[in-house]
There are 2 protein chains.
Amino acid sequence: MFNERIRLERLKSKITTAEEAVTLFKDGMTVGASGFTKAGDSKVILPALAARAQNERLQINLITGASLGHGTDGKLAAAHALKKRMPFQVDKVLRDKINQGEILFIDQHLSESAEQIHNKIIDPLDMAVIEVAFIERDGSLVPTTSVGNSVTFAAFAKQVIIEINTTIPMEVYGIHDIYQAEDYPHRNVIPIVAPWNKIGRKSIPVDPDKIAAIVFTDLPDSPADIAPPDEKTAAMAAHILRFFEAEVRLGHLTDRLLPLQAGIGRVANAVLAEFRQSNFYDLTMFSEVLQDSTFELMDAGILSFASASSLAVSEGWHRRLFENLQQYKEKFVLRPQNISNTPGLIRRLGVIAINTAIEFDLYGNVNSTHIGGTQIMNGIGGSGDFARNAYLSIFVTQAASKDDAISHIVPMVSHVDHTEHDVDILVTEIGIADLRGLAPRERAQTIIDHCVHPDYKEALQSYFDRACARGGHTPHVLEEALSWHTRFRETGSMKPIPVL
Amino acid sequence: MFNERIRLERLKSKITTAEEAVTLFKDGMTVGASGFTKAGDSKVILPALAARAQNERLQINLITGASLGHGTDGKLAAAHALKKRMPFQVDKVLRDKINQGEILFIDQHLSESAEQIHNKIIDPLDMAVIEVAFIERDGSLVPTTSVGNSVTFAAFAKQVIIEINTTIPMEVYGIHDIYQAEDYPHRNVIPIVAPWNKIGRKSIPVDPDKIAAIVFTDLPDSPADIAPPDEKTAAMAAHILRFFEAEVRLGHLTDRLLPLQAGIGRVANAVLAEFRQSNFYDLTMFSEVLQDSTFELMDAGILSFASASSLAVSEGWHRRLFENLQQYKEKFVLRPQNISNTPGLIRRLGVIAINTAIEFDLYGNVNSTHIGGTQIMNGIGGSGDFARNAYLSIFVTQAASKDDAISHIVPMVSHVDHTEHDVDILVTEIGIADLRGLAPRERAQTIIDHCVHPDYKEALQSYFDRACARGGHTPHVLEEALSWHTRFRETGSMKPIPVL
Ligand SMILES: CC(C)(COP(=O)(O)OP(=O)(O)OC[C@H]1O[C@@H](n2cnc3c(N)ncnc32)[C@H](O)[C@@H]1OP(=O)(O)O)[C@@H](O)C(=O)NCCC(=O)NCCS
Ligand SMILES: CC(C)(COP(=O)(O)OP(=O)(O)OC[C@H]1O[C@@H](n2cnc3c(N)ncnc32)[C@H](O)[C@@H]1OP(=O)(O)O)[C@@H](O)C(=O)NCCC(=O)NCCS
């Protein structure tokens, strides 16, 4: 096993235990760790670091690809092992500590963390922790179920700790396309013109002398937990499919559409699932994450190729994929996230982006991150990379939730992640609003007519009418603009207090 | 003169008067017209159209490059000749009618209007009006002081009206780089890796059979009116220069910096002027507009090359440029705005973007467009194209204005054009806040410490402290977040009402 997984002889002396390896960490270090949407993350080093931090002061700045699995972020947060965290997280324990102001969080476009490291804008990396399937003869690293920022971490960190995950078969070799653009001022063209273009190598280059420890693990990725479609997500998916069909009839798109990006979560999954009963064919994805639905569509013969940075699949699909890797291998590729999410490629390929909002407002501004304008949920992730540069930017959300005490369409969003300039189509279970080519006042009426929950329609129309009476290109009654949020905070509901 | 300016014989029969040409317009038409920051706009057709519209119902949807000169937008607006207008304007009369809701305005990233036409997302163009220096033997068009969206207009409009501007010398041939990327799904790489790369032709292709009328004019562009630097703009410029010098010392940049983009206006001009007393050399610009300061820096031997979509210079510099065109010709290029502003190139080149804000908030969100959240000023222009994709995104604004009754730093901006994710550096005459690598609470304290006018510092600190006491990743006191704007609306000042 050692021979197979560590093909550069002299590195075998670096094999050690997780407990031993974490003695390499020092308080105040900046650490880059593999892992993107729970895939390809460190299974033993970071948890061992959390254990060590329970007994001594040991705080790091932690940069990852995106979210980690196995509750690792929570363990680190609970052990006070995190000073600063970027660029994304989904962990309840960590989230609470961020919202309490105890841990500093930088919520960042996922394409940009690597840029900041390359441009030396953030602290130099003291350490990288990278999960790999095996180490090649030249010391280069073959990653596992995500690439994330690992290429940059391996290049820039002073020391590297490797986690070899033996649950990942050796045949994983070849599913990654490892490429980095040149640093400024010598950056060249990234020569991708279609999702299936492979432009790089199969493993991540690293100076073997930087490898300070190698630890083995046989823990698999945390599976993605995707709730099954329900009535609401099915309705949203159907609205989107009807819209695509209409665009084809109008001659805007062909039955092949354009490369799709779909955010994580139920709605995205439900939309892709809907495609199975459609006439679309030869579809492709240029996304950051691939979910079960991607591979189901491949099996159905509807999707031909998918490009992303990570595999966030269920336990069942994880097994199926790796047991039949030869069959799927030619149909997908995993790239560094600063390539999968790079603005120029998203514009060049003409990606159709589908992401989920927490709430949107009358004019189509979208909040993806902050409940009530203050409490962060997860982070912007790649939604901005895609929405801003897409051929078509679609956001979905339910019209109302929590027994309809919350309207997800509000007069003014309490936090803006995507401005109206970057939002084309809004979808709720009620209907779809096509905002392309509309001025703000037209956008507002379209949204009220098509997306709002019936319990809030009258109130939103009243707000809009009174705002228009005051005038402005983007009419608002400013002292009332955030009142739905403050009312929810005070009364537990956004509904107007009935006049007795 | 006709022979020189119309080199395709059969088109000479199309010569006519502006009054005659505008009989081609019909109510309800969608029209694309050349013109970008008052440069290269229609001098006689659109004004003649406004005159005609005074006597009859004649409303068009007007798409341009950016703003027009000669008060043309105002004349059209006053004559009720505009139904819809996009993507940018700076005219007081038009602005008022937009804010009254009489004219619909689409405020759009300047890189995206051409995309929407190519993608058939907005109404097909019935007519294009394009100012040219001359018509080539193959019928192709040699533009004047801007390229804007004219390439797309010429390709997509059913009919084209040409305005030949005889004030522009024939030697202008060669200053334009006319290139269009392929339509989806066949878009290829745009092969620019440095500002000086020329990748296209020298004239705009058009089907000569579409040319419906040709009109001559000898009216020059409206000159750019740039107020001279004052104490405040000089202070902002100095902060930015000191910052660049520090970045060079840290090894983040070299003395050549990276290609600069500077928004229109006084501050941008003042910053570039400051460079004259610096050690920077061999600078380049990759911008959308070139102002006087660009050419002054060329004369000073500090700037080697500038790329943009338009020349917005003073009368003096207009004359000087065209009288010495051979001298300057090799040092600048004008491109279509969907190339000058394209996201992928801005990221690839690593542009340093400097733009002006109306206001920004505690967390670094920027409002570029809406006074008091409702009344549009001009539009987002290219600021979003650049800020989002730049290597470094800088925004400047004065700390306070109107006898300090207005603070340009507020608890929460009343409208968001650029989210905190896309804003690196904020500058006022007070100082500079470097927000890179900072979490929201750190950003807020940095902004309070460095940018806020003394009259508002205590109030903003108090807001922030009370917000932190409530908690959240991005702390706010939501019911108070927009109170500075509502107070200004009610009392004419943002200053707290003193407790008597
Ligand atoms: C936006 C995002 C949080 C939505 O996820 P989701 O699971 O579909 O979220 P929901 O619509 O169920 O809403 C989230 C919660 O916020 C609550 N909520 C929404 N608006 C609220 C408001 N104004 N006040 C209080 N609570 C609110 C909902 O009720 C729900 O509560 P629950 O979790 O207790 O049920 C998620 O998609 C995300 O993190 N997106 C950003 C990252 C991204 O888009 N990446 C894209 C590439 S992968
Ligand atoms: C943002 C922009 C309007 C700033 O221009 P400017 O001339 O420097 O503007 P000022 O700072 O003087 O402020 C504009 C006015 O708004 C007023 N103002 C600002 N904030 C205000 C507020 N909260 N309430 C009321 N008035 C306010 C100012 O007092 C000033 O008034 P005045 O014109 O009567 O003096 C301009 O740069 C722009 O249009 N930018 C968007 C386009 C762009 O950035 N393009 C970039 C590529 S070219």
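How far is an oxygen atom of ligand 1 from an N or O atom in the side chain of Lys402(A)? In this predicted model, the separation is 2.9 Å. Two further side chains of chain A were examined at ligand 1. Asn378(A) places a side-chain N or O atom 2.6 Å from an oxygen atom of the ligand. For Ser401(A), a polar side-chain atom lies 2.9 Å from a ligand oxygen atom. In total, 24 residues surround ligand 1. Asn378(A), Ser401(A) and Lys402(A) are among the closest, as are Glu288(A) and Gly379(A).

Ligand 2 was examined in turn. Around ligand 2 there are 24 residues. Those that come nearest are Glu288(B), Asn378(B), Gly379(B), Ser401(B) and Lys402(B). The side chain of Lys402(B) brings a polar atom to 2.8 Å from an oxygen atom of ligand 2. A side-chain N or O atom of Ser401(B) is 2.9 Å from a ligand oxygen atom. Gln398(B) has a polar side-chain atom 3.5 Å from an oxygen atom of ligand 2.

Helix H16(B) spans residues 440-450, and helix H17(B) spans residues 454-470. Their axes lie 10 Å apart, at an angle of about 165°. The two helices are therefore roughly antiparallel, as the angle is over 145 degrees. The crossing of H16(B) past H17(B) is left-handed. H16(B) contributes Arg441(B), Ala444(B), Gln445(B), Ile448(B) and Asp449(B) to the contact. H17(B) supplies Lys457(B), Leu460(B), Gln461(B), Phe464(B) and Cys468(B). Of the residues in this contact, five are nonpolar, two polar and three charged.

Technical notes:
Residues numbered from 1 in each chain as written. Chains lettered and ligands numbered in written order. Predicted model: local features only at pLDDT ≥ 70, side-chain atom pairs only at ≥ 80, totals over all residues. Heavy atoms only, no water. Axes fitted to C-alpha atoms, helices over the stretch in contact; angles between N-to-C directions. Helix = DSSP H or I, 4+ residues; strand = E, 2+ residues; numbered from the N terminus. Parallel < 35°, antiparallel > 145°, perpendicular 65-115°, else oblique. Left-handed = near helix turned anticlockwise from the far one by under 90°. Contact = heavy atoms within 4.5 Å. Nonpolar A, V, L, I, M, F, W, Y, C, P; charged D, E, K, R; others polar. Near = heavy atom within 4 Å. Polar contact = N/O pair within 3.5 Å; in protein donor to acceptor, adjacent residues only side chain to side chain.
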